[in-house]
Amino acid sequence: YSQVFYFNVTDVNEPPKDVFLSGNTSPREDLQSGVVIGILGSSNPEKNQPVDYKIVSINGIEKSTLFCLVSNTSHTFLHLNTSLDYTKISSFALNILATDRGQPSASAYSTIIVRVVPVDPCATGTAGCSRDATCYRLNKTDSNCMCNTGFRGDGQTCVEIDECKIPPDWSVSPIEFMNSTAAKVCHYGNCIDELDDFTCDCNPCYTGSRCDVRIRNTSTNPCGVGGTCNPFGPKNFTCTCSVGYTGDFC
């Protein structure tokens, strides 16, 4: 014995899910208000039903007007409704309510993340910094140029500092410095300028980093341990020999 049973299956309207944003999901912070960020879409089990979208909140704030939705007969567009500033808000969490047009309708919530891409004037080459300066970003339109160590200027024009012509110790006033014996960077020698530094080529009979130490009876004495070195002009010297020593260099 056999019997055939028939069942009526009622289609239950299922809500759309997995709302997504196609297009520019990471807008640059220099975009202007009114620009289209992307198009909303979703995975709708009911293939032939249109879906309506609504922004419920942005970053937890309801009725926020930072973004808005504009729809036509086939798409819903996400528009930027403000100017962006990465230093203030670097990303937006949009809580979206998606509702289909079934009978009855079905709804579901999804969150879309829009991440702001910072604009760096230093990277775009619009800052106009000297090649001997470093560019520092202030905001999306402004930057600051600062001369590198060993240079001075306004950042757009930088010149190398001549350490042989400035006081190595800025704790004294320029007038006090110029009237002091330290006004010559290398006291008894020639100053050789280097980047952010200097070296001293000392005259005979003198040593030290500033050529300010008179050579006495040491191994570096050009007159040896038995003589006294006497400067004679910028590059010459004579030796005064001690008792028991003789010769040009004792």
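This is a predicted model: local features need pLDDT of at least 70, side-chain atom pairs count only at pLDDT 80 or more; totals for chains, interfaces and linings use all residues.
Let's start with the strands. Four of them make an open sheet, lined up as S1-S2-S6-S5, and they pair in the antiparallel sense. Going from one strand to the next, the twist averages 30°. As a bit of background, strands in a sheet pair through backbone hydrogen bonds, in either a parallel or an antiparallel way.

Look at S2 and S6 for an example: this antiparallel pair has 4 bridges.

| S2 | 36–43 |
| S6 | 76–80 |

Nonpolar side chains tend to be buried together in soluble globular proteins. In this model, the largest nonpolar core has 19 residues, and Phe67, Leu78 and Phe92 are among those with the most contacts inside it. Strands S1, S2, S3, S6, S7 and S8 each give two or more residues to this core.

Leu94 is another of the residues with the most contacts in the core. Leaving aside residues up to four places away in sequence, Leu94 touches Ile55, Phe67, Leu78 and Ile112, among others.

**The pocket**

How much space lies in the largest pocket? About 350 Å³. Its lining is made up of 18 residues, and Pro50, Val51, Tyr53, Ser74 and His75 lie nearest the centre. S2 and S3 each supply at least two residues of that lining.

Terms used
Residues are numbered from 1 along each chain as its sequence is written. Side-chain values use heavy atoms; hydrogens and water are left out. Two strands pair if DSSP finds at least two bridges between them. Axes are lines fitted to C-alpha atoms, for helices over the stretch in contact, and angles run from 0 to 180 degrees between N-to-C directions. A nonpolar core is a set of buried Ala, Val, Leu, Ile, Met, Phe, Trp, Tyr and Cys residues joined through side-chain atoms within 4.5 Å. Buried means under 20% relative accessible area, exposed over 50%, partly exposed in between (1.4 Å probe, protein chains only). Contact means heavy atoms within 4.5 Å. On a 1 Å grid over the protein atoms alone, a cavity is a set of points where a 1.4 Å probe fits but cannot get out, and a pocket is an open set with protein on both sides within 12 Å along at least five of seven lines; lining residues have an atom within 4 Å of a point. Grid points are joined across faces, edges and corners, and a volume is the space filled by probe spheres set on the points.
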